[in-house]
Amino acid sequence: MQSLRSRILVGMMVAIAFLLGSYGVVVYEAARRAMLAEFDTALLAQASMLISGVEMEFEGDGIEIEIEIDISRVPGLSEKTGGTCFQLWLDNGKVVTRSPGTGETDLERFCDEDQPVYRDITLPDGRSGRGVGILFEPTMEHKGKSVQKNEIKIAPDGTIIKKLKWNQTGDHEDDDDEDEEEADQRQSAPSAMILVFARNTDQMTEHLAGLRWILLLAGGAVVILAVLLTSVVVSRGLRPLNTVAENIASIGAKELDTRIPTEDMPTEIQPVAVTLNDLLERLESAFYRERTLTADVAHELRTPIAGVRSTIEVALSRVRNPEEYQESLTDCLTIAAVMQSLVENLLMLAQLDAGQVPSRAEQIDLQELVTSSFKPLSDRAGEKDLDLHIDLPEGLSCTADREILSIVMSNLLNNAVSYADAGGTIEVIGKTTDNGAMITVANAGCTLLADGIPNVFDRFWRGDKARANTGSHCGLGLSLVKQCMDFLGGLAEVEIKDEIFSVNLTLPADPNGEG
Amino acid sequence: MRILLIEDYPPLQKSLSKGLREAGFAVDVTGDGNEGLWYATGNTYDVILLDIMLPGMDGLSLLKKLREQGNQTNVLVLTAKSELEDRVNGLDLGADDYLVKPFEYEELLARIRVLVRREYSDKSPVLEIGKLKIETAAQRVWRGKTEIELTAREYTLLEYLARRTGQTVSRNDIWEHLYEFDSDASSNVVDVYVGYLRRKLDKPGKESMIRTVRGRGYVMEEGS
């Protein structure tokens with residue numbers, strides 16, 4: 001599920017359904033218990049009324065039980081299908097009497113010595129019901145006369161009047177074979193009786209079912225309403241997010257200067273917007289750099305290409321002697337070499353920018369590095385009658401990537417040879433510092449002013465006059481030097497004093513502590 | 001035709017000046033903006049080829065100064081910047097045309113020829129004087145159906161005179177259009193070249209197309 005909105009909706013729906021469900025179950029259970037308690041109370045009250053109509057009389061050696069129950073006072077008791085019934089037992093299990101509702105079936109007998117027992121039972125007519133079982137001692141009365149036979153009368157007002165004569169030698173035939181002790185006990189007159197009074201629970205079940213339906217329907221309605229409401233609220237709540245999305249969607253490569261307004265934004269989204277704005281800013285500057293660089297590269301390549309092109313076209317414009325062709329080819333070769341170095345420098349810069357240059361640090365003898373870097377330049381230096389003066393302490397060395405450091409040195413010496421006044425001196429002075437080594441490459445003949453220093457490391461930047469002097473520089477040398485020194489963890493600084501242009505290189509510390 | 005080339009990139013300087021000279025132009029070359037302005041104000045040129053990125057003074061400032069001085073010389077801007085803004089800037093400052101580097105040498109020549117033609121009332125690339133026909137684009141000259149072979153310098157002289165048919169042109173004017181600023185050729189070299197031209201153009205025994213106006217110079221006439 002990708003949509004935040006549907007996630008929230010589904011989450012809310014599940015949560016609300018769960019909460020409402022739990023709440024409904026609790027309410028239902030509470031209602032059921034309350035109804036049950038009420039039912040049980042009524043059951044007990046009616047049972048108690050029945051019990052109050054049961055009397056026991058001692059008559060000499062017998063007991064007479066007199067039951068006088070006004071069954072009309074208990075609704076449904078007098079009818080066979082009234083849904084209400086009772087059954088009365090002696091505590092020895094002998095059925096004393098039962099209501100018409102029981103039919104011919106015995107009710108389940110249950111009781112407890114201390115308290116009434118309630119139990120869900122199936123009524124004789126098959127309906128489910130609930131009954132209370134009570135163990136009780138009927139009211140005792142001593143009478144002089146005994147009743148010889150059981151008699152049940154039903155009074156005109158519906159009262160069942162049953163008289164039961166109980167002989168001490170009562171008929172307990174089923175237990176005759178048991179041992180003497182028990183037989184003795186049972187010989188004694190029963191002192192307690194058991195009443196199970198039951199009523200069907202249809203009405204309560206109906207009520208509960210009604211309640212269930214109400215809870216389910218209300219719950220369902222609430223869930224649906226909650227989902228609708230949540231959907232509206234979520235939509236409104238997520239609107240700022242949509243706005244942000246629209247804002248972002250409208251930003252193309254050409255509108256990178258736009259920012260997402262954050263003033264009226266909810267605090268939760270603000271950090272996202274702020275981060276996005278930061279990203280936009282970085283993108284913008286990266287794009288700007290890229291664009292400027294591309295334009296610069298295009299510009300810098302156009303000029304030499306124009307040179308090659310016009311050299312070749314002029315050469316081809318008529319038939320010439322071999323010497324003239326040779327000269328044109330040599331000119332083209334020179335231009336190609338400059339273009340090659342431009343492209344290579346650019347590539348190197350791009351690789352350094354992207355951190356794609358592997359570093360292989362090794363011990364480098366700086367004297368040897370300077371000498372070997374100067375060798376390819378010695379012809380040009382000779383033409384300008386330049387003198388290279390190297391002043392390095394014996395065995396001055398450093399640990400760095402040889403290839404990168406020689407790019408640095410070659411570029412600096414190349415610059416010096418190009419820009420130094422003819423007949424001058426290029427000085428390479430080195431010294432040991434606490435942190436490593438330091439080398440200065442200096443040449444006289446600088447026409448730059450000190451306020452141009454911040455620009456010298458910029459790509460394609462050239463001092464105005466500088467270009468006139470050489471025409472063969474691409475304006476990448478110093479920026480490559482800086483980038484390389486950054487890569488090596490060193491430092492490159494430019495100093496201009498009394499028309500002397502010097503670059504100070506601070507080389508990273510030598511881990512071996514030599515030199 | 002005399003051209004001032006203000007371009008600081010040595011290979012372009014070298015190849016363009018060589019090519020233009022071979023095409024019969026007199027070419028003054030400089031790589032510095034200030035120097036370029038000095039050349040342009042001190043001499044008469046048919047066309048100035050102007051680079052934008054220049055040491056000393058950039059090309060656009062140079063152009064602005066030149067126009068402020070009332071100099072109406074045709075200026076063709078050579079630029080490595082292809083952005084519309086740069087081109088519009090150049091044209092707005094009074095450049096007559098521009099070319100973006102790298103350009104085709106042939107196109108440069110063609111555009112120079114257009115600018116040269118613009119100076120004269122006749123914009124046609126083919127000049128016809130009597131039976132003489134000059135195709136300025138191909139730099140070929142015909143008399144009737146016979147082609148006349150001319151050297152570059154002879155051709156330049158012919159075209160210069162032909163463009164001004166009926167006008168008397170002074171030796172000095174001719175010299176200035178034929179030779180570069182630092183040329184050490186003397187002014188009577190003009191007479192020598194006029195002599196070469198007459199020999200090639202005129203039929204023996206007939207009156208010359210190029211008539212000498214005593215004390216003033218030469219004039220080209222339809223003649224025979």
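How much area is buried between chain B and chain A, and what share of that area do carbon and sulfur atoms give? Hi everyone, that's where I'd like to start. About 2,200 Å² is buried between the two chains, and carbon and sulfur atoms give 56% of it. Buried area here is the accessible area, with a 1.4 Å probe, that two parts lose on being put together, summed over both.

Quick housekeeping. This is a predicted model, so local features need pLDDT of at least 70 and side-chain atom pairs count only at pLDDT 80 or more, while totals for chains, interfaces and linings use all residues. Residues are numbered from 1 along each chain as its sequence is written, chains are lettered from A and ligands numbered from 1 in the order in which they are written, and side-chain values use heavy atoms, leaving out hydrogens and water.

Okay, back to the interface. On the chain B side, Tyr9(B), Glu22(B) and Pro102(B) lose the most area to chain A, together 25% of what that side buries. Counting contacts (heavy atoms within 4.5 Å), 25 residues of chain B touch 25 residues of chain A.

What about charges? The rule finds 6 salt bridges across this interface, meaning a side-chain nitrogen of Lys or Arg within 4 Å of a carboxyl oxygen of Asp or Glu. Have a look at Glu327(A) and Lys14(B): they form a salt bridge, with their closest N and O atoms 2.7 Å apart. Helix 1 of chain B, residues 10-22, gives the largest share of the side touching chain A, 9 residues. Helices, by the way, are DSSP runs (H or I, at least four residues), numbered from the N terminus.

Now, the aromatics. Over all chains there are 2 aromatic pairs, which means rings of Phe, Tyr and Trp (its six-membered ring) with centres within 6.5 Å; planes under 30 degrees apart are stacked, over 60 edge-to-face, and the rest tilted. Trp38(B) and Tyr39(B) are edge-to-face, because their ring centres are 5.6 Å apart and their planes sit at 80°. Trp38(B) is exposed at 52% relative accessibility, whereas Tyr39(B) is buried at 11%. The cut-offs are under 20% relative accessible area for buried, over 50% for exposed, and partly exposed in between (1.4 Å probe, protein chains only).

Tyr193(B) and Tyr196(B) are edge-to-face too, with centres 5.4 Å apart and planes at 85°. Both lie in helix 8 of chain B, residues 189-201, 3 residues apart, about one turn of the helix. Tyr193(B) is buried at 16%, and Tyr196(B) is partly exposed at 33%. Thanks, everyone!

Terms used:
Helices (H or I, at least four residues) and strands (E, at least two) are DSSP runs, numbered from the N terminus.
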